[in-house]
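Biologist: I'd like to learn how to read aromatic rings and surface patches in a model. Could you walk me through it?

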Amino acid sequence: MTTQTVQIPGYLAGTWAIDPVHSDISFVVRHLGVSKVRGHFGTFEGTIVTAENPLESTVSAKIDATSVNTRNDQRDAHVRGEDFLDVEKFPELTFTSTGVRAHGEGFLVDGELSLHGVTKPVALELEINGFGDGFEGAKVVGFSASTEINRREFGVTGGPAGAVVGDKITILLEIEAVKQV
């Protein structure tokens with residue numbers, strides 16, 4: 001049995017901390033079937049380990065559910081409430097990878113997403129944006145990733161408002177991480 005390896009220009013193995021100042025975790029959901037509403041999470045952290053063989057790399061992340069921001073205070077309060085995220089019972093969302101595989105020009109990062117007390121497998125479509133030099137000699141790496149989930153599979157009904165909010169939620173990640181010494 002042989003292990004598949006891939007070559008990535010400028011690739012660096014190591015442990016990386018997600019830089020929340022230069023990263024974005026957001027989502028998009030249909031509203032009334034005619035528009036899309038966007039939201040972001042302002043507080044999150046995570047660790048990425050780029051292994052010598054990129055396909056053996058790992059990622060783990062935590063998102064503070066209370067930090068959701070859709071640019072509307074009333075909607076944010078509703079999203080934090082029992083109908084949606086229920087942050088009193090479920091204050092964080094987590095993602096832990098279970099594998100990485102080559103996929104077209106990029107990769108798929110398989111993992112377990114925990115949201116609203118439910119854990120389900122998801123696959124993130126990953127693009128490696130590059131490795132480079134950051135400030136004060138620190139090495140940095142950038143990734144873009146996305147996935148689509150069905151909110152109902154995670155027990156998020158939306159209550160009465162659920163009738164006007166789409167079931168599919170697109171999750172978008174723009175991640176910059178700093179290599180740890």
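Modeller: Let's take the ring pairs, then a surface patch. This is a predicted model, where local features need pLDDT of at least 70, side-chain atom pairs count only at pLDDT 80 or more, and totals for chains, interfaces and linings use all residues. Residues are numbered from 1 along each chain as its sequence is written, and side-chain values use heavy atoms, leaving out hydrogens and water.

Biologist: How many aromatic pairs does a search of the whole structure find?

Modeller: A pair of aromatic rings is described by the distance of the centres and the angle of the planes. Rings of Phe, Tyr and Trp (its six-membered ring) pair if their centres lie within 6.5 Å; planes under 30 degrees apart are stacked, over 60 edge-to-face, the rest tilted. The search finds three pairs. Tyr-11 and Phe-131 are edge-to-face, 5.4 Å centre to centre with 70° between the planes.

Biologist: Where do Tyr-11 and Phe-131 lie?

Modeller: Tyr-11 lies in the segment before β1 (14–18) and Phe-131 in strand β9 (residues 118–133), so the pair ties together parts 120 residues apart in sequence. Strands are DSSP runs of E, at least two residues, numbered from the N terminus. Tyr-11, Trp-16 and Phe-131 form one aromatic cluster.

Biologist: Are Tyr-11 and Phe-131 buried or exposed?

Modeller: Both are buried (under 20% relative accessible area; exposed is over 50%, partly exposed in between; 1.4 Å probe, protein chains only).

Biologist: And the surface patch?

Modeller: Leu-32, Val-34 and Val-164 form a nonpolar one, with about 280 Å² of accessible area together. Patch residues have over 30% relative accessible area and no salt bridge, with nonpolar side chains joined within 5 Å and like charges within 9 Å. Areas come from the Shrake-Rupley method with a 1.4 Å probe; a salt bridge is a side-chain nitrogen of Lys or Arg within 4 Å of a carboxyl oxygen of Asp or Glu. Leu-32 sits in the loop between β2 and β3.

Note on methods. Helix = DSSP H or I, 4+ residues; strand = E, 2+ residues; numbered from the N terminus.
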